Structure formats: C-alpha cells, structure tokens
Amino acid sequence: MDVIWNLTRACPWDCAICCVSGFHVCNTTENLVYSEVKEKGEELTLAEKLAVLKILTDRNFEIDFSGGDPLYYDEDFRVVEQATRWLPSRKIGVSITGSKITDAKLELLKKVGVVEFTLDNLPGTENPWRPRGYNRASMVAMKKCVAAGIKVRAATVLYPATMTKKNLKSVYRWLCENGIPEWELLRFYPVGRGIKLTEFTPSNSEYLKIMKFLRGLHGFTRIFFQHSLKILEGTIKCPAVVESIGILPNGIVIACAWAIDDNCRPYPSFRLGKLPVDDLDEVLEKAIKISEFCTKTNFCRTIAYIQKGNKRGVK
C-alpha cells in the first residue's frame with residue numbers, strides 16, 4: 001500500500017494552485033496564527049504523528065511525506081527522521097519545497113529513497129499560479145541534493161502556464177543538464193485553493209496530446225506520468241483504496257490524497273476514518289467493500305466526483 005501523508009499545511013510559499021490550501025508561514029505572526037490552528041486540532045500533535053507513523057511502518061507501507069512542506073517545522077523533521085529508522089530507504093519519499101535546504105536536511109534526505117521538488121517553469125517565465133522565486137528555489141535545492149548524492153525527482157503540474165512545448169522542452173533540458181534522474185508530470189486537480197482555477201483545467205484531449213509530445217523528448221532524465229494521466233490512456237486503473245490512500249494533517253484517512261475541498265476537508269464518501277484513533281486494518285477492510293472502491297475503475301474517481309459536482313453546480 002502506498003500512502004501520501006500530508007504531514008502539515010504549513011508552507012513558506014503561497015501558491016494559487018495549492019491542492020491542500022496550505023498556510024503561508026514565513027514570519028513570526030503567521031507562525032503564531034498557525035499555532036492556533038494546530039491547537040484547535042486541525043493538525044496532529046507530535047505524539048499523534050509518531051503513533052500514526054508506527055501504524056504505517058508496522059504494516060511496511062510505502063510513505064510519501066508531503067504537505068505543505070513536511071520539513072519546515074522541527075517536529076515534522078523528527079517524524080521523517082524516525083521513519084528512516086523504522087523503514088528501508090526505498091519505502092520513503094519526501095516531497096518538499098526548495099526553501100532553506102540546510103545541512104541537517106541534506107543529511108536526513110540522504111536516508112530516504114527519493115526527494116521530490118516541483119518545478120513548473122524556469123525563472124523568467126511568467127506564471128501567476130506560483131509565487132516569485134518558487135521555481136528558482138526548487139532549482140537551487142535540486143542542485144544541492146544532486147551534489148550531496150541524493151536521488152532527486154522533479155515534478156511539473158500540467159496546466160495552461162506550463163503546457164506549452166517551449167516551456168516543457170526548456171524544463172526538460174535543464175533537468176538533463178543538471179543530472180536530475182527523474183521527471184514526473186502531474187495532472188492538475190482543481191482542489192484545495194486550486195478550486196478557484198477550475199475553469200483552466202485542461203481537457204483530456206489536451207493532456208493526451210502533450211503526453212505524446214513529452215514521450216518524444218529523449219535525454220538523461222527519465223520521464224514518467226502520474227497515475228491519473230496513465231488512467232486517461234487506459235494503461236492503468238484507479239488505485240484509490242485498492243493500492244493507495246492519503247492521510248491529511250489532522251489524521252483523516254482519505255481514499256485519494258487529492259479528494260479535498262478548499263478547507264482541506266475530504267469530499268463525501270472519500271473519508272475512511274481517522275488515525276491514530278481508528279483501527280487502520282478495519283478502516284481499509286470496510287472501505288474496499290464499499291461499492292465505490294470495491295473494484296479498480298478505468299477512470300480517476302476524484303476527477304469523476306469533481307466533474308459530477310460541476311454538472312450539478314456544486315462548488
């Protein structure tokens with residue numbers, strides 16, 4: 001089972017596209033505000049996070065720590081650090097921003113299987129969906145990680161500001177030149193704060209066309225596609241619950257990590273339980289028996305839910 005665990009919504013950036021509606025925390029005032037959010041139970045305590053980690057590692061699940069930025073706060077750093085003691089490196093992934101890549105972070109990242117940074121454009125390309133400096137920070141961080149011998153993956157979300165052939169070719173050229181071994185292309189989910197950008201969602205035909213173009217690029221960096229894009233091609237089926245789950249910062253277990261509204265709450269029927277209070281084995285056993293999740297499907301369940309809601313005029 002693969003788990004995408006959004007450890008926190010805290011993030012030093014404020015992206016319009018953020019799928020978890022992250023809290024922008026980069027000064028004292030914002031950190032105080034986020035502390036109040038945590039006190040209200042909207043994020044697990046360190047003890048609870050470690051309890052959830054024990055539940056996952058006892059089952060030998062593969063974990064992708066994400067956020068927000070899962071290494072921004074010291075307590076989340078400690079959770080990832082503990083994971084490296086309880087799981088082999090190949091079962092740990094960390095998706096972080098390029099902010100403040102310290103020596104301590106580099107030493108920790110040497111112990112995980114892969115570290116992922118999002119890179120949507122090269123500096124100088126206009127992109128209102130990302131804050132100024134976001135992509136440059138990712139580039140600097142990736143170069144530091146490569147120099148330290150850490151396996152790095154770049155991820156690019158496909159939406160109007162990134163889906164030009166010129167942009168994708170320039171990003172790929174930079175990745176090859178800088179020794180980045182993997183590049184994952186992601187579908188744009190109009191969820192979280194990105195709900196406001198729903199009208200800019202590419203069509204299936206646009207995705208398929210750009211995927212064909214990307215497969216024509218050849219170089220040092222290996223190109224691959226997120227599961228939701230492969231579903232469009234019919235090469236795989238939806239893995240929700242059957243092969244993967246998500247965990248939100250407050251411990252809610254969710255059938256798909258992207259099935260969340262603009263307040264980082266799961267869509268109806270996607271919520272499965274809550275950790276560490278619920279028994280995970282029982283939660284998953286019950287979920288698999290639910291009609292929506294009892295079999296693999298040839299469509300993305302989250303996208304299907306969103307499209308169905310749009311037709312009803314539900315926001």
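## Basis of the model

The structure is a predicted model, in which local features need pLDDT of at least 70 and side-chain atom pairs count only at pLDDT 80 or more, while totals for chains, interfaces and linings use all residues. Residues are numbered from 1 along each chain as its sequence is written, and side-chain values use heavy atoms, with hydrogens and water left out.

## Overall build

The protein has ten helices and twelve strands; these are DSSP runs numbered from the N terminus, with at least four residues for helices (H or I) and at least two for strands (E). Its radius of gyration, taken over C-alpha atoms, is 19 Å, close to the 20 Å of the globule rule (2.2 Å times the number of residues to the power 0.38), so the protein is as compact as a globular protein of 315 residues.

Along the principal axes, the C-alpha trace spans about 50 × 45 × 40 Å.

Strands of a sheet pair through backbone hydrogen bonds, either parallel or antiparallel. Here ten strands form an open sheet with mixed pairing, in the order β9-β8-β7-β6-β5-β4-β1-β10-β11-β12; two strands pair if DSSP finds at least two bridges between them. Because β9 (222-225) and β12 (271-274) stand at the edges with a single partner strand each, one side of each has no neighbour in the sheet.

Strands β10 (residues 244-247) and β11 (residues 252-254) pair in the antiparallel sense over two bridges. The bridge partner of I247 in β11 is V253.
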